[in-house]
Amino acid sequence: METPERYNIKETEAKWRKVWEDKKSFEVTEDTSKPKSYVLAMLPYPSGRIHVGHVRNYSLSDVVARYKRAKGFNVLNPMGWDALGLPAENAAMERNTHPKDWTYENIAQMKAQLLSMGLAIDWSREVATCDPDYYKHEQKMFIDFYKNNLAYRKESIVNWDPVEDTVLANEQVVDGKGWRSGAPVERRKLYQWFFKITEFADDLLKGIETLDRWPDKVRTMQHNWIGKSRGLEFSWGIKDHDETIDVYTTRPDTFFGASFLALSPDHPLAKKLASDKDGYDDFIKACQATGTSEEAIEKAEKIGFYTGLKATHPLLKTEMPIYLANFVLMDYGTGAVFGVPAHDQRDLDFARKYDLEVIPVVLPPEEDAATFKIGSEAFIGDGLIYNSDFLNGLNKEDGIKAAIAKFEELKIGKGVTNFRLRDWGISRQRYWGCPVPFIHCDDCGLIPVPEDQLPVELPYDINYDKPGNPLDRHPTWKHTICHECGKDAVRETDTCDTFFESSWYFLRYLDPQNKERGFANEKSNYWMPVDQYIGGVEHAVLHLLYSRFFMRALKKCGYEVPDEPFAGLFTQGMVTHATYKDSDGNWIFPTDAIQQEDKSWQTKDGKAVTQGAVIKMSKSKKNVIDPQDIIDTYGADAARLFILSDSPPERDLEWTEGGIEGAWRFVNKLHRTITDALPTLPTVGIVQPNNFSDKAKELRSTTHKAIVGVAEDIDNFHMNKAVARIRELSNALTGFKPADDGDTWALREGYEALVRLFNPMMPHLAEELWSQLGHDTILTETSWPTHDKKLLKDDTVTIGVQVNGKVRATITLASDCSKDEAEKIALAEPNVQKALEGLTLHKVIVVPGRIVNVVAG
RNA sequence: GGGGCUGUGGCGGAAUGGUAGACGCUGCAGACUUAAAAUCUGUUGUCCUUUGGACGUGGGGGUUCAAGUCCCCCCAGCCCCA
């Protein structure tokens with residue numbers, strides 16, 4: 001017998017991609033006759049190659065897009081490139097290339113790779129954020145923000161790398177040193193641009209409540225990030241000075257336990273009060289050596305500088321020392337705090353170091369006021385307040401309220417709401433970013449570039465001979481003429497944080513060719529909000545929060561956008577892989593570790609290899625798989641299937657060779673069983689017979705249950721379960737031996753449903769088999785199969801019979817069986833009788849269709 | 001330290017409070033083959049005195065006729081914020 005021809009994956013997949021491309025299958029326009037669905041995957045950074053995380057992300061969004069499409073939605077599924085940013089500059093410096101050339105080469109490569117995945121993407125809307133046609137519109141938005149008081153420039157403290165001559169983001173400071181130069185980071189004051197996200201702090205917080213299709217985890221993280229707190233602000237006097245010091249505290253219930261006052265070294269009064277004291281300069285220098293992040297400040301050793309001055313408690317009139325302390329942040333609250341060592345760990349550490357008083361004022365439950373002492377750990381929990389006059393006996397919450405009320409009553413303080421959220425610092429002293437569209441004129445000051453002169457384009461001719469910002473030292477670029485007065489002026493050389501681009505790219509997709517505006521309002525009104533956004537949880541705070549801020553800011557500037565950009569959010573897990581080390585202790589690629597017959601691992605040249613932990617794929621640990629190799633070997637469908645079927649999408653996925661091979665076998669099996677079955681199937685569109693055999697009825701029931709089940713699973717992002725159901729249906733169909741016309745009709749019905757159900761996951765194979773089944777339509781234009789409700793219900797149901805909660809038998813009943821009947825049949829079971837021997841029957845619980853439980857004792 | 005998530009066979013994982021282990025991977029046995037690959041069939045939680053039974057969802061309590069699922073305490077791992 002002739003062996004059946006193998007499924008030629010490469011040719012077939014390419015053939016169908018060509019069909020979709022020729023038919024422009026995924027290009028969409030606004031269409032009010034259908035409900036719309038905007039399915040969005042987070043746009044990739046063009047690093048050069050796609051990685052498995054991308055494959056997971058886009059496989060998920062593609063399933064949703066194709067499924068929604070089959071369900072009758074007008075689906076927008078776009079793609080673009082987050083193309084500005086530091087890696088391009090690093091690559092340029094290392095390889096002597098240009099950031100722009102490097103980026104566009106990478107885009108071309110990665111686009112080819114994404115195309116090979118067979119994604120249902122409208123490529124006519126492709127956007128690259130480094131394109132001046134893109135950043136032109138965001139420069140306009142920047143100016144709009146400025147005019148609406150949402151963008152401003154102010155002097156602020158930054159991490160400064162003295163070797164690279166540049167500002168570092170907090171993430172670029174490692175152990176107090178620059179991540180590239182290794183030089184100790186300094187704190188410097190520089191003029192920086194900010195977006196006023198804090199203006200919407202309350203609204204961003206409230207909006208979280210409406211995001212019912214977001215993971216709770218992300219909502220909690222955003223909630224905590226915004227960090228709303230209610231506290232008390234009041235002034236302390238300074239002995240023998242006219243000035244007063246405003247402090248803010250979230251724990252006014254503890255103010256009787258205060259023993260010192262601490263000012264941020266950056267506080268305006270700090271210099272004034274202490275700069276003439278010995279050691280002040282050294283102290284400030286020491287403070288400047290720590291980074292600016294909260295974490296850096298928290299981890300740094302607490303150091304203080306005694307000003308020699310005393311502060312007067314406004315209520316108690318007691319006096320306590322005023323320190324400068326490195327752990328007090330100037331931009332949170334008022335930049336000054338009073339220390340309550342007994343109930344704050346930082347304050348306690350500080351107090352122990354400088355030998356300050358520790359006065360407990362909150363008594364932990366089950367402690368005795370007479371004997372309670374603070375050791376090396378502050379008590380920050382809730383308890384009863386004591387040693388505190390009018391607050392005595394209150395708990396934390398009531399104490400806070402009572403303290404605020406008292407200060408307000410005496411008019412010496414007021415309740416204040418504070419946010420942890422800071423304004424968004426967007427200045428970067430880098431070349432490969434969107435130029436801030438402003439000029440500095442000696443006479444006219446800071447003025448925005450006129451709209452008709454946008455975009456302010458990046459010059460191409462730059463060099464990296466020296467550290468620092470190439471824009472700043474470019475021979476001509478920054479020199480310009482003030483359009484107000486005509487005198488010489490200079491351009492702003494800061495560029496924007498790349499989170500700027502990703503905060504609105506989903507709006508540009510809606511109207512990518514628009515030369516006049518970033519997007520037309522009518523496009524936004526039709527497509528927004530994004531119905532389903534999919535991406536990594538690492539963007540849970542910043543990107544998603546900035547995008548939410550942008551909607552509010554754009555709205556204030558007259559753009560028509562919804563408050564919330566993403567109605568639904570799904571955050572996928574990471575892709576992990578086992579790690580391997582050779583006998584010399586070097587990490588090696590999984591493809592270089594070869595498993596021997598005795599299960600041990602070796603390199604090609606026979607070196608012993610040890611297998612290590614299964615962790616997130618990373619280049620440094622070399623535990624990476626190139627998805628292109630997988631697609632080239634097994635095909636896009638198999639790669640997509642494996643990545644969708646192996647784990648629930650929100651959890652981490654362990655990439656295994658066995659798993660991908662299993663998926664590949666299933667692809668081949670589907671092709672083989674359906675092509676083998678073709679000769680036995682009736683022709684397309686043949687009329688449904690009137691009668692079916694019992695087994696055909698059963699098969700049809702399985703088919704229709706799968707139609708409903710797979711849809712439910714996809715709706716709930718249970719892609720692994722959807723695949724399991726598809727396999728079940730496939731197993732049922734494969735094992736079915738038709739005997740009459742009804743049987744073959746049911747078999748065709750089943751196979752056709754099967755193909756349509758797995759189309760979202762394996763679209764190439766689905767198109768191929770749909771065509772082989774005799775259809776001249778294509779699946780991208782075919783709806784989700786309909787189901788017959790009558791076939792979802794079974795005639796009989798098999799349930800368990802428990803005696804005292806333990807299963808003793810199973811019985812099969814008519815599905816409309818009465819409770820009495822079910823009880824009778826259950827009790828008649830020999831095993832149930834046996835279990836009941838010697839016991840008295842108390843009662844029988846019958847849950848129809850579920851269980852019978854016999855209670856006896 | 002605070003907040004959150006997770007914990008089920010050898011492995012990935014299923015299970016509206018109702019027959020725990022769907023579906024797959026691996027393993028084992030068999031068929032086909034000169035042989036291998038591929039494919040197909042069966043089997044695969046542990047234990048026992050094996051036509052049956054006991055145990056079993058990180059550990060300990062509780063609620064319930066019934067708990068992987070709900071509540072309390074503890075342990076471990078991961079993530080976020082410190």
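In this predicted model, the surface near RNA strand B is made up of 15 charged, 10 polar and 10 nonpolar residues. Among the 35 residues around RNA strand B, those that come nearest are Arg-420, Asp-646, Lys-721, Thr-798 and Arg-850. On the RNA side, sugar or phosphate accounts for 73% of the atoms of RNA strand B within 4 Å of the protein, and bases account for the rest.

Several secondary-structure elements each supply at least two residues of this surface: the helices H7 (216-226), H10 (294-299), H20 (657-677) and H22 (719-734), and the strands S34 (796-803), S35 (806-814), S36 (841-847) and S37 (851-856). The largest contribution is that of H22, with 6 residues.

Individual polar contacts to the RNA were also identified. The side chain of Lys-806 places an N or O atom 3.2 Å from a phosphate oxygen of RNA strand B. For Arg-808, a polar side-chain atom is 3.3 Å from a phosphate oxygen of RNA strand B.

A separate feature is the packing of two helices. The axes of H1 (residues 9-22) and H24 (residues 763-772) come within 9 Å and cross at roughly 85 degrees; H1 is therefore roughly perpendicular to H24. H1 contributes Thr-12, Glu-13, Lys-15, Trp-16, Arg-17 and Trp-20 to the contact, and H24 contributes Pro-763, His-764, Glu-767, Glu-768 and Ser-771. By class, 5 charged, 3 polar and 3 nonpolar residues form the contact of H1 with H24.

Technical notes:
Residues are numbered from 1 along each chain as its sequence is written. Chains are lettered from A and ligands numbered from 1 in the order in which they are written. This is a predicted model: local features need pLDDT of at least 70, side-chain atom pairs count only at pLDDT 80 or more; totals for chains, interfaces and linings use all residues. Side-chain values use heavy atoms; hydrogens and water are left out. Axes are lines fitted to C-alpha atoms, for helices over the stretch in contact, and angles run from 0 to 180 degrees between N-to-C directions. Helices (H or I, at least four residues) and strands (E, at least two) are DSSP runs, numbered from the N terminus. Angles under 35 degrees count as roughly parallel, over 145 as roughly antiparallel, 65 to 115 as roughly perpendicular and the rest as oblique. Contact means heavy atoms within 4.5 Å. Ala, Val, Leu, Ile, Met, Phe, Trp, Tyr, Cys and Pro count as nonpolar, Asp, Glu, Lys and Arg as charged, and the others, Gly among them, as polar. A residue is near a molecule or strand if one of its heavy atoms lies within 4 Å of it. A polar contact is a pair of N or O atoms within 3.5 Å; within protein, one must be able to donate a hydrogen and the other to accept it, and residues adjacent in sequence count only if both atoms are side-chain atoms.
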